[in-house]
Amino acid sequence: MPQRQDADVALAEVHRAEWGRIVAGLARRFGDLDLAEEVAAEAFAVAVERWAVDGVPPNPGAWITTTAHRRAIDRLRREARRDDKHREALLLADDSPAEPVGAVADDRLRLLFACCHPVLGLETQVALTLRVIVGLTVEQIARMFLVPPTTIAQRITRGKAKIGAARVPFRVPEASDLPDRAAAVVAVLSLMYTQGYTATGDATDRLRLDLLAEALRLARELHALLPGDGDVTGLLALLLASIARTPARISDDGALVTLAEQDRGAWDRDLIEEADALLGERKRQARASGIPLGRFELLAAIHLVHAHATDAGSTDWSQIVTLYEMLERVDPSPMVGVNHALAVAEADSPEAGLVVLARHDDALAGHYALHSVRAHLLASSGAPFEALDAYERAISLAPTPAMAELLTARRDGVDVTTRG
């Protein structure tokens with residue numbers, strides 16, 4: 001049934017591209033995050049039936065928004081008959097404009113700031129925002145935090161209960177609120193970028209370009225609001241330097257392409273130049289103030305070292321090792337350690353990289369990245385059979401079919417005649 005197929009495709013696309021914007025707009029209009037989520041979901045459910053019969057409307061996102069808006073009004077009217085919400089329903093029935101937007105004009109960024117309210121802990125702020133605003137599943141968020149899905153589900157439930165009790169969505173963030181909430185907003189945008197770049201979950205996409213574009217757009221909006229915040233500037237530079245490589249990330253036959261194998265002529269040099277300018281200014285400020293570079297500024301610096309190498313063989317790995325050592329001092333996470341091990345292997349030897357990698361065996365025993373890097377270093381150090389075992393483990397833990405395909409190709413490329 002072509003019409004049903006068209007409807008399914010359109011629904012999937014509008015959900016991916018516009019879920020966060022729709023929920024943000026409804027939350028601003030009605031001041032209730034739970035209500036916004038529920039009526040948006042109901043509107044999508046109605047669309048499943050209607051679009052298959054009537055066809056996809058000319059503007060699917062506007063159709064969902066209008067349907068959700070009517071559902072919200074109907075629900076509040078019904079409640080108004082039972083309790084004291086009559087005044088609220090009357091207000092919704094007229095055409096008066098929604099409340100002022102305050103210091104943040106963008107609907108999605110404003111709701112992101114609202115969800116990052118200090119009434120919640122940082123991890124809950126980030127998990128809640130990724131679920132409600134970005135639209136990621138609990139399982140996808142859990143992979144990012146390296147915790148079980150039940151832990152994330154509990155954080156989100158508790159966060160929404162606190163927000164409801166404090167009526168947080170009713171409050172428009174003031175300019176004075178923004179600096180204290182910036183760290184959580186930066187963390188959300190960083191994870192949004194990570195999800196777009198790795199496309200974890202069941203999606204067959206190699207890249208979520210919609211998520212990458214939205215993360216970059218919001219980072220630009222955030223930087224315009226807080227130009228003096230080092231993490232905000234560092235994040236924007238990081239996104240620019242990384243997203244510049246997306247044109248070379250996928251091969252013509254749809255496979256992931258590693259950094260070393262990418263066509264550097266396809267990289268977006270305008271984005272790299274913009275990242276350079278931002279990071280250069282931050283470095284000058286750091287030297288003048290004596291305040292060291294932060295996590296996102298250092299990550300951006302690492303990406304830009306790669307960006308300025310004419311080919312993989314001319315990469316300044318010694319500089320990258322130094323940057324990772326600085327990064328581990330401000331962010332001693334095991335994933336940073338894995339990338340540090342890779343850099344040490346390139347700058348020194350695979351054996352030296354394996355020594356660094358071994359420090360993170362316990363923390364990342366269930367993560368594909370640890371086993372993938374170990375497999376690569378074992379193969380490079382003349383231990384092909386141990387490398388095959390490590391690749392098998394990495395493939396079994398791969399978060400996406402695309403990553404499993406890439407690891408399988410690398411496993412199949414191990415030369416078992418090269419044992420040292």
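What share of the 420 residues of the protein counts as buried? The answer is 50%, where buried means under 20% relative accessible area, exposed over 50% and partly exposed in between, with a 1.4 Å probe and protein chains only.

This is a predicted model, in which local features need pLDDT of at least 70, side-chain atom pairs count only at pLDDT 80 or more, and totals for chains, interfaces and linings use all residues. Residues are numbered from 1 along each chain as its sequence is written, and side-chain values use heavy atoms, with hydrogens and water left out.

## Overall make-up

The secondary structure comes to 19 helices and zero strands. Helices (H or I, at least four residues) and strands (E, at least two) are DSSP runs, numbered from the N terminus. Contact means heavy atoms within 4.5 Å. Of the contacts with a separation of 6 or more, 63% are between residues 24 or more positions apart.

## Helix packing

Axes are lines fitted to C-alpha atoms, for helices over the stretch in contact, and angles run from 0 to 180 degrees between N-to-C directions.

| Helix pair | Angle | Axis separation |
|---|---|---|
| α9 (residues 178–198) and α10 (residues 209–225) | about 160° | 8 Å |
| α6 (residues 122–134) and α9 | about 50° | 9 Å |
| α12 (residues 269–289) and α13 (residues 295–307) | about 135° | 10 Å |

Take α9 and α10, which pack at about 160°. That makes α9 roughly antiparallel to α10. Angles under 35 degrees count as roughly parallel, over 145 as roughly antiparallel, 65 to 115 as roughly perpendicular and the rest as oblique. The crossing of α9 and α10 is left-handed. A crossing is left-handed if the near helix is turned anticlockwise from the far one by less than a right angle, and right-handed if clockwise. On the α9 side, the contact includes L178, V185, V186, L189 and M192. The contact of α9 with α10 divides into 14 nonpolar, two polar and one charged residue. Here Ala, Val, Leu, Ile, Met, Phe, Trp, Tyr, Cys and Pro count as nonpolar, Asp, Glu, Lys and Arg as charged, and the others, Gly among them, as polar.

Helix α9 also packs against α6, at about 50°. α6 and α9 are therefore oblique to each other. Their crossing is right-handed. From α6 come L122, Q125, V126, T129, L130 and V134, and from α9 come A184, A187, V188, L191 and M192. By class, the contact of α6 with α9 has nine nonpolar, two polar and no charged residues.

For α12 and α13, the angle is about 135°. The two helices are therefore oblique to each other. α12 passes α13 in a left-handed crossing. R269, I272, A275, D276, L279 and R282 in α12 meet E297, A300, A301, L304 and A307 in α13. This contact has seven nonpolar, no polar and four charged residues.

## Aromatic pairs

How many aromatic pairs does a search of the whole structure find? It finds two. Rings of Phe, Tyr and Trp (its six-membered ring) pair if their centres lie within 6.5 Å; planes under 30 degrees apart count as stacked, over 60 as edge-to-face and the rest as tilted.

The rings of W19 and F44 have centres 5.9 Å apart and planes at 45°, so this pair is tilted. W19 lies in helix α1 (residues 2–30) and F44 in helix α2 (residues 33–54), so the pair ties together parts that are 25 residues apart in sequence. W19 is buried at 7% relative accessible area. F44 is buried at 8%.

W51 and W63 form an edge-to-face pair, 5.4 Å centre to centre with 75° between the planes. W51 sits in α2 and W63 in helix α3 (residues 60–82), twelve residues apart. Both W51 and W63 are buried.

## Single sites

In helix α7 (residues 138–145), V138, Q140, I141 and A142 are buried. L146 follows α7 and has a positive phi, near 55°.

S372 is found in helix α17 (residues 368–380). At 17% relative accessibility, S372 counts as buried. Not counting residues up to four places away in sequence, S372 touches Y391, A394 and L407.

T400 lies in the loop between α18 (384–397) and α19 (401–412). T400 is buried, with a relative accessible area of 5%.
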